Amino acid sequence: MAETARRGRGGGGAARRAERSAVSFETAKFIERNIPNFEVLTEEALEIIEHNADMILEEVGVNFLNNPAALELWRAAGADIDGERVRIPRGLARKLCATAPSEYTQHARNPARNVEVGGKNLVLAPVYGPPFVRDAAGGRRYATMADFNNFVKLGYMSKWLHHSGGTVCEPTDVAVNKRHLDMLHAHMTLSDKPFMGSVTEPSRAQDSVDMCNILFGEDFVQQNTVMTSLININSPMTFDDVMMGSLEVYAKNNQACIISPFIVGGAMAPVSVAGTLTQVLAEALAGIAYSQLVRPGAPVIMGAFVTSIDMNSGAPTFGTPEAAHITYGAGQLARRMNLPYRSAGSFCGSKLPDAQAAYETSNSLNMGLLSGVNFMLHACGWLEGGLVSSYEKFVMDADQLGTLHHLARGVEIDENAQAMDAIREVGPGGHYLGCEHTQNNFKTAFWKSDLLDYKPFETWEDEGARDTQALATLRVQKMLGDYQQPPLDPAIRESLDAFVAQRKAAEPDSFM
């Protein structure tokens with residue numbers, strides 16, 4: 001199938017005709033920061049945390065469960081193995097991590113959508129993993145494959161979103177053992193932005209690689225990164241065989257993994273910022289080092305998903321100052337390791353896209369920009385602590401991602417930005433609306449929301465006094481109505497369809 005796809009990729013009248021008739025819309029390039037990172041930890045604090053993380057790996061160790069092959073790799077590398085506990089001598093994990101690249105390119109099937117992960121760059125990807133969806137018309141409900149397709153389309157149409165993501169919602173109407181095939185098929189055919197692979201079972205990770213072989217060509221996949229996939233660590237300090245098995249598949253095939261502790265502070269890590277950062281670093285070091293044992297040079301991202309907890313209810317809380325301190329500090333630790341960094345997102349605990357959601361999301365997005373995040377998963381659509389993908393909040397957040405792009409530009413100080421000619425032209429007591437400098441720059445001088453209402457009160461009232469959620473509902477409808485599928489070579493599409501059908505037919509449905 002891959003050979004057929006490669007032969008068909010070079011041309012074809014149908015593909016060219018589809019490309020000419022496609023809807024044209026603007027997609028922003030990934031963010032390149034021209035502003036400094038915000039750093040909360042002193043050099044002394046960083047050294048203490050790094051020392052303590054090495055101590056945890058050496059004295060306490062980490063568990064690699066149900067994975068004898070991983071234990072043997074660690075043993076051969078010089079670690080001490082006691083049952084399923086791996087104790088890593090001081091300095092070994094950091095030495096192994098040194099072979100991971102500081103930056104990498106993730107290729108999209110449309111090369112214009114390629115993203116650069118690492119350095120001063122920030123790549124924005126949508127919400128990941130919720131089993132529920134919500135919209136103004138249907139309320140909260142279990143997600144379906146139709147919802148999944150809609151979110152992929154919205155992501156494709158969103159100007160400020162660089163990446164199609166992965167499990168933008170969990171389509172519960174498709175069998176657990178088969179839904180990954182439909183989800184990948186949707187990302188590959190409904191969008192031409194980069195995407196993530198499946199990690200819910202090693203064989204599903206292999207399916208992801210096999211489908212990419214069809215889409216890109218097997219040789220291209222082996223020599224380039226075409227997926228960035230999420231590998232969560234079971235905090236505290238436990239690496240299960242499902243996630244590690246998926247990591248092994250991706251690392252062997254040169255595909256990137258986000259190796260990320262999943263921590264609710266006070267439950268899965270200490271309540272203190274320094275203690276949590278120490279555990280985050282220890283877990284990340286062990287996971288990244290293991291990826292390099294599998295394949296030195298395999299691309300990885302150091303992740304940190306950390307939030308605090310409400311000590312009365314036990315519910316996770318978002319947009320808090322403690323989470324910000326951890327996110328800023330983890331960014332400093334990642335940069336000292338010379339690795340790309342993943343954290344932050346449109347986090348909130350609210351049940352609706354309301355004021356609570358806006359406050360918490362704004363705090364979370366801004367800390368991600370300022371902390372030096374390179375890959376931001378959950379950048380739009382997150383609601384109810386990650387249980388819900390919200391249609392309205394997806395487009396609200398995606399619109400606000402434009403502010404991150406503009407903030408990251410920094411302050412220009414060239415001759416045009418100094419505006420001395422304008423100041424001389426207007427002089428005391430005048431105004432700048434009609435001056436030449438304003439006329440030359442007004443189209444690009446200010447970021448403008450494509451969603452929020454800036455009209456006078458009377459106009460707003462005449463148009464129905466719509467709040468932001470109502471405006472977002474209309475925008476969802478317009479975007480889905482305007483959507484047109486990006487062109488894909490028919491031979492590749494046929495090969496993908498056949499692969500999915502064949503894999504689905506190979507085993508009975510399972511909802512466990």
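Predicted model: local features only at pLDDT ≥ 70, side-chain atom pairs only at ≥ 80, totals over all residues.
## Ground rules

Local features here need pLDDT of at least 70 and side-chain atom pairs count only at pLDDT 80 or more, while totals for chains, interfaces and linings use all residues. Numbering starts from 1 along each chain as its sequence is written, and side-chain values use heavy atoms, with hydrogens and water left out.

## Helix α7

Let's start with α7, residues 179-190. Helices (H or I, at least four residues) and strands (E, at least two) are DSSP runs, numbered from the N terminus.

How many residues of α7 are buried? The count is 12 of the 12, so the helix is largely enclosed by the rest of the structure.

## Nonpolar cores

A nonpolar core is a set of buried Ala, Val, Leu, Ile, Met, Phe, Trp, Tyr and Cys residues joined through side-chain atoms within 4.5 Å. The largest one has 134 residues, and those with the most contacts inside it are F64, W74, V86, L124, I288, Y290 and M376. Helix α11 (residues 273-294) gives the most to this core, with 12 residues. There's also a second, separate core of 10 residues, including F318, F347, A357 and L383.

Zooming in on V86, its contacts (heavy atoms within 4.5 Å) include F64, L71 and W74, leaving out residues up to four places away in sequence.

F38 sits in the loop between β1 (31-32) and α3 (43-60). At 43% relative accessibility, F38 counts as partly exposed. Beyond four places in sequence, F38 is in contact with Y328 and L370. The C-alpha atoms of F38 and T200 are separated by 35 Å, with the two residues 162 apart along the chain.

P316 belongs to strand β15 (residues 316-317) and is partly exposed too, with a relative accessible area of 36%. Not counting residues up to four places away in sequence, P316 touches T307, S308 and I309. P316 and I263 are 53 residues apart in sequence, yet 9.9 Å apart in space, C-alpha to C-alpha.

Conventions:
Expected span 1.5 Å × (residues − 1). Buried < 20%, exposed > 50% of the residue type's maximum accessible area, 1.4 Å probe, protein only.
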